[in-house]
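Biologist: I have the sequence and the model open. Can we go through some local features together?

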Amino acid sequence: MTETAVHVRGLSKRYGGTPVVDGLDLDIAHGEVFALLGPNGAGKTTTVEILEGYRDRDAGTVAVLGEDPGKAGRDWRSRIGIVSQTATDASELTVREVVTHFAANYPRHRDPETVIEQVGLGEHAKKRVGRLSGGQRRRVDVALGIIGDPELLFLDEPTTGFDPEARVKFWQLIRQLSAEGTTILLTTHYLDEVEALANRVAVIARGRLKTIGEPETLGGRATAGAVVSWREDGRLMERETTNPDQFVAELVGKSGGHVPGLSVQRPSLEDVYLQLIGTSEDLDTTPELRKETA
Amino acid sequence: MTTQTTPSVRQARPQPPNVIRVGLSRGALELRQFFRERDAVVFTFSLPVVMLVLLAGIFNDTIPDTGVKASQVFAASMIAAGIMSTTFVSLGTGIAQDREDGTLKRLRGTPTPMTSYFIGKVLMVLVVSFAEVIVLLALGKVMFDLQMPSDAGKWLTFGWVFLLGVIGCALLGIAISSVPRSAKSASAVIMLPFIGLQFVSGVLFNPIKELPSPMVEIGSFFPLKWMAQGFRSVFLPDSMTFQEVAGSWEPGRTALVLVAWCVGGLVLCLLTFRWKNSRQG
Ligand SMILES: Nc1ncnc2c1ncn2[C@@H]1O[C@H](COP(=O)(O)OP(=O)(O)OP(=O)(O)O)[C@@H](O)[C@H]1O
Ligand SMILES: [Mg+2]
């Protein structure tokens, strides 16, 4: 087994002269759930599709499960699972037909009926894929992504269109796959999804890596200043501090045990994220706008 | 959500399934999809049937000194157009569609061999073409006095013209599927040569020898003319050869041209096949 499931150095891709992926470095360990985060057009799908072997790259080295995806063959493809951002195929087939069919294409596969249940399509197994709702159709893609019992699973915005319950169920499924040792590369726009699932997250904007780390500590989140707020004499009090533990202890001591309306807030992942992509991108994308407002 | 425990230590994967077996299961899937997709059935399966009913219904006078009716000539020739429809048109539009809706992309992301995809398509096309021919033959016999030959040799001719025609036109269909830029434009791009060839190949206009010779030359380059001629040789009496360009059925030349198209079509496919649209990166 190679050291990392995904190894990327200096990955670049241009369309019509414009760099879309620009010198990206990534390492994803075996068994890791890795999230790729970034605004629309950041280059997430392009990156993922290069790793899946769908697109050529202009520069850089890429090893996915130890092989170059651009040259890898059938054996390699039986070890990966893909859920693409958009798919509208197989609309005339039923859920069961399409899942069963693809199962038989893999050297080793999960049980189709179990997988259909796992993605929550049990009662729709006999329906044609083209007649499913948007979120149900997406679940077929997830089923087809995991049917071959992949070692590495690519998920490009897998939960787009999922209702809240389906999303929570999907998260459970991902955790279970991860517990079974599956490596997962996930792109998403949902920050709660990143917090719920990812061991590590990379933020990219305009094809460049902005930051990479654990969701809990991203952008210095864990050590950034916290805002402590509480009520005193009917007024809302706020204090920014780098040491909230000590401050709260003092508050509790002063008030003799009960502090009304006490809360401690650290920057949310969303705060950090918006700050990261805000400073990176808009400085040079909207100069006209800036002039006008200035 | 069910909990399922798979050992986290992954054992070595067994060999991937056999290419032919995957191809067979794709063939079954393709057939199911074809007959469920009403547009495809109407477009490629019913069109030749409707054309036969209309044309043979309009032109049913007897050709002087032969005892053969014009409708019989149409019925025999239309079998060739029927095959071209269920192979060339069906694959040309169908593969353009597969390219657009992500079918081909999905296949490339799974261990499905591309050979199996083509085996599936060819099987689908063979079955659908066979069904098409049965329908056209039945209609020809019941409505337009098409004579079923009693001679085994003629049925043998029928067999090889059918098989070579299906393969040649199917390969041409796979090749032309790369020409349209999107699935939307595919049917227009593919109908153009289909309709055009029917005029210059002795399907919509007979006798073919009365066509201007540049048209005959264009028609003679493609398989449809030879298939139509081959089917006429099966279902019409030899007295009808006077309407052919060469004044005979030319079985040898027919076989040669069709085999050449099978080989040339394969080369063309291998050289031109695209897995994705230009927009798909
Ligand atoms: N085939 C293509 N031809 C030209 N430009 C392309 C092509 N594919 C992607 N691009 C461009 O590359 C950029 C990155 O696209 P990509 O699909 O990778 O973004 P993304 O991060 O996945 O966005 P989203 O969150 O909207 O899915 C976009 O500006 C897009 O217009
Ligand atoms: Mg995307």
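Biologist: In strand 4 of chain A, which residue is the bridge partner of A:V6?

Modeller: This is a predicted model, where local features need pLDDT of at least 70, side-chain atom pairs count only at pLDDT 80 or more, and totals for chains, interfaces and linings use all residues. Residues are numbered from 1 along each chain as its sequence is written, chains are lettered from A and ligands numbered from 1 in the order written, and side-chain values use heavy atoms, without hydrogens and water. Strands (E, at least two residues) and helices (H or I, at least four) are DSSP runs numbered from the N terminus. Strand 1 (residues 4–15) of chain A pairs with strand 4 of chain A over five antiparallel bridges, and the partner of A:V6 is A:V64.

Biologist: Is A:T100 buried, partly exposed or exposed?

Modeller: A:T100 sits in helix 3 (residues 95–103) of chain A. Buried means under 20% relative accessible area, exposed over 50%, and partly exposed in between (1.4 Å probe, protein chains only). A:T100 has 36% relative accessibility, so it counts as partly exposed.

Biologist: And B:I58, buried or exposed?

Modeller: B:I58 belongs to helix 2 (residues 38–58) of chain B. Its relative accessibility is 60%, so B:I58 counts as exposed.

Definitions and conventions. Two strands pair if DSSP finds at least two bridges between them.
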